[in-house]
Amino acid sequence: MKSTIQVIKADERHIDGIAKVCTDGYWATYGDSYPKEYIQRIVKEFYNADRILNEVTTSNKHWGGYFVAVENGKVLGAGGGGMIGKAAGEIFVLYLDPDRRNEGIGTKILDALTTQQKEFGADEQWVSVGKGNQKGIPFYESRDFIFKYEKQSYGNIEGENFVSLRYYRPI
């Protein structure tokens, strides 16, 4: 029997799954292009159990909480976003189990985030993607996101010059 993937609002039951899928997804995305120390620092800051607990129990227009793609109780993908302006939403995080790419899971999560942001009043959506990220860039471009500009990546410390690409789309 084939199981069905559901995208639902995450809660405390999903903390470990979110941490795993985001950590694994981050390593799969940036492991060949960013230093190990940078990746470890970002993963430690964002994908730890305490932070995720707070992020699944907090939901407002600035952080709409996590949405997770779940199959047979296992988290296959996770994403979250919020409003960055009166009518502008942002995708802050969206990662999948690296072994489950190209199954439509990311699109389902993006659709849930987009629906939520439209309910908050968004008519445009933004995302930052690491320069050279050949998983994220084609994903967003194929969903009508348009490159707008470059900026310094979040988490750079002295001596680091990682760049994020800012993408936009009307919704």
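Predicted model: local features only at pLDDT ≥ 70, side-chain atom pairs only at ≥ 80, totals over all residues.

Reader: Noted. How many salt bridges does a search of the whole structure find?

Author: The search turns up nine.

Reader: Which residue does Arg-41 pair with?

Author: Arg-41 pairs with Glu-160, at 2.6 Å from N to O. That bridge links distant parts of the chain, 119 residues apart: Arg-41 sits in helix H2, and Glu-160 is in the loop between strands E6 and E7.

Reader: And is Glu-160 buried or exposed?

Author: Glu-160 is buried, because its relative accessibility is 17% and the cut-off for buried is under 20%. Arg-41 is partly exposed at 27%.

Reader: OK, switching over to Lys-74. What does Lys-74 form a salt bridge with?

Author: Asp-97, with the closest N and O atoms 3.6 Å apart. Lys-74 belongs to strand E3, while Asp-97 lies in the loop between strand E4 and helix H4, 23 residues apart.

Reader: How accessible is each one, Lys-74 and Asp-97?

Author: Lys-74 is partly exposed, at 46% relative accessibility. Asp-97 is buried, at 13%.

Reader: Last one: what about Arg-100, which partner does it have in a salt bridge?

Author: Glu-103 is a partner of Arg-100, and their closest N and O atoms are 2.7 Å apart. Shared partners also join Glu-71, Arg-100 and Glu-103 into one network of salt bridges.

Conventions:
Residues numbered from 1 in each chain as written. Heavy atoms only, no water. Salt bridge = Lys/Arg side-chain N within 4 Å of Asp/Glu carboxyl O. Helix = DSSP H or I, 4+ residues; strand = E, 2+ residues; numbered from the N terminus. Buried < 20%, exposed > 50% of the residue type's maximum accessible area, 1.4 Å probe, protein only.
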